[in-house]
Amino acid sequence: MSELIHRPRRLRRTAALREMTRETRLDPANLIYPLFVCAGEGVRREIKSMPGVFNLSIDELVKECEGARRGGVSSIIIFGLPESKDEKGSGAFAEDGITQRAIRAVKREVKDLIVIADTCLCEYTSHGHCGVIEDGDVANDPTLEILARTAVSQAESGADIIAPSGMMDGMIAAIRAGLDAAGFTHIPILSYAVKYASAFYGPFREAADSAPQFGDRRSYQMDPPNVREALREAELDVEQGADMLMVKPALPYLDVIRAVRERFDLPLAAYQVSGEYAQIKAAGRLGWIDEERVMMESLIAIKRAGADLILTYFARDVINRL
Ligand code: PBG
């Protein structure tokens with residue numbers, strides 16, 4: 001007779017038992033699908049470093065959203081690529097800007113799809129930074145006003161949630177005040193509260209044509225070695241009225257997701273960014289990993305670390321599999 005009392009393997013013996021005792025699950029309602037919208041018609045241009053992700057003109061964006069919605073996707077986040085850029089990113093808040101037109105079209109054509117607007121200036125500024133430049137650096141306070149204006153124009157276009165990603169100090173308070181003054185007290189803010197200056201954003205900058213033309217983003221995005229600072233950033237955004245928090249990137253920062261989860265009760269999102277996606281796709285294509293299983297495992301890890309919501313370029317594929 002065996003002397004072992006505890007045998008954890010008992011509950012792993014069959015697929016049904018494993019399914020029954022599983023602690024963490026992916027739910028389609030928690031996955032947010034990022035999409036890139038550009039000018040033109042009939043445009044569906046694949047991003048080289050992100051196979052399966054496209055720059056879409058508005059008509060193609062609407063088609064993609066209809067398909068995604070039918071497939072079970074419940075929310076998207078839109079990034080706009082304007083036709084022209086300037087010093088202060090005027091295209092970000094133009095009434096007929098690419099993002100504003102895209103939001104209107106999707107809200108008009110696709111039923112029951114939550115549309116999140118990414119609120120930042122880097123896709124719209126000629127220098128590629130997330131704010132206006134003074135003395136060679138991004139000037140914080142003059143940028144706040146532009147961000148508030150951008151958020152209001154996105155809400156006017158029909159955005160359901162505003163997601164500021166520029167890492168300016170005080171951006172949540174400024175945007176909240178702007179939205180409230182314009183009558184959008186009911187529109188929630190999903191703050192990219194904890195966003196690191198990460199090399200994992202590389203492919204996105206190709207996709208959104210938003211690479212900085214000089215310098216880098218280290219004077220406003222967070223220094224990767226820091227985690228206490230992440231809690232401080234999150235706390236400031238909670239105080240300023242954020243409704244939801246985000247940590248970004250996701251997989252390389254699971255400890256940060258866990259730390260924010262333990263300290264704050266707001267819904268927490270994590271962004272599986274372009275470089276995380278590209279790594280999995282590249283190794284999958286080379287046959288070095290099983291792409292589908294790594295995709296599922298990476299997402300479940302992010303959830304297990306404490307994220308309620310995940311922004312992922314895999315959203316459509318994963319929901320298909322679920
Ligand atoms: C804009 C923004 C970025 C991402 C989301 N919003 C890029 C950046 O900060 O350079 C990155 C997303 C990704 O890599 O998938 N500020």
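Reader: What makes a space in this protein a cavity, and which residues lie nearest the centre of the largest cavity?

Author: A cavity is a set of grid points where a 1.4 Å probe fits but cannot get out, and lining residues have an atom within 4 Å of such a point. In this predicted model, the largest cavity is lined by 15 residues, and those nearest its centre are C122, S165, K195, F204 and K248. Two elements, β9 (190-195) and α6 (202-207), each supply at least two residues of that lining.

Reader: How do you know how many cavities there are, and how much space lies in the largest cavity?

Author: With a cut-off of 30 Å³ or more, the count comes to 3 cavities. About 110 Å³ of space lies in the largest cavity, and about 60 Å³ lies in the second largest cavity.

Reader: Where does the ligand sit, and what makes one say that it sits there?

Author: A molecule sits in a cavity if more than half of its atoms lie within 2 Å of the grid points of that cavity. The ligand sits in the largest cavity, and therefore it is more than half of the ligand's atoms that lie within 2 Å of the grid points there.

Reader: Which residues are closest to the ligand, and how many surround it?

Author: The ligand is surrounded by 17 residues, with R205, Q221, K248, S274 and Y313 as the closest. By kind, this shell divides into 9 nonpolar, 3 polar and 5 charged residues.

Reader: What lines the second largest cavity?

Author: The second largest cavity is lined by Y33, P34, L35, F36, G52, V53, F54, L56, E64 and Y313. The elements giving two or more residues to this lining are β1 (31-38) and β3 (50-57).

Reader: How do the residues of the two linings divide into nonpolar, polar and charged?

Author: In the lining of the largest cavity there are 6 nonpolar, 3 polar and 6 charged residues, whereas the lining of the second largest cavity divides into 8 nonpolar, 1 polar and 1 charged. Glu counts as charged and Gly as polar, so E64 and G52 are placed in those two classes.

Methods:
Residues numbered from 1 in each chain as written. Predicted model: local features only at pLDDT ≥ 70, side-chain atom pairs only at ≥ 80, totals over all residues. Heavy atoms only, no water. Near = heavy atom within 4 Å. 1 Å grid on protein atoms, 1.4 Å probe; cavity = no way out; pocket = protein on both sides within 12 Å on 5 of 7 lines; lining within 4 Å. Points joined across faces, edges and corners; volume = space filled by probe spheres on them. Helix = DSSP H or I, 4+ residues; strand = E, 2+ residues; numbered from the N terminus.
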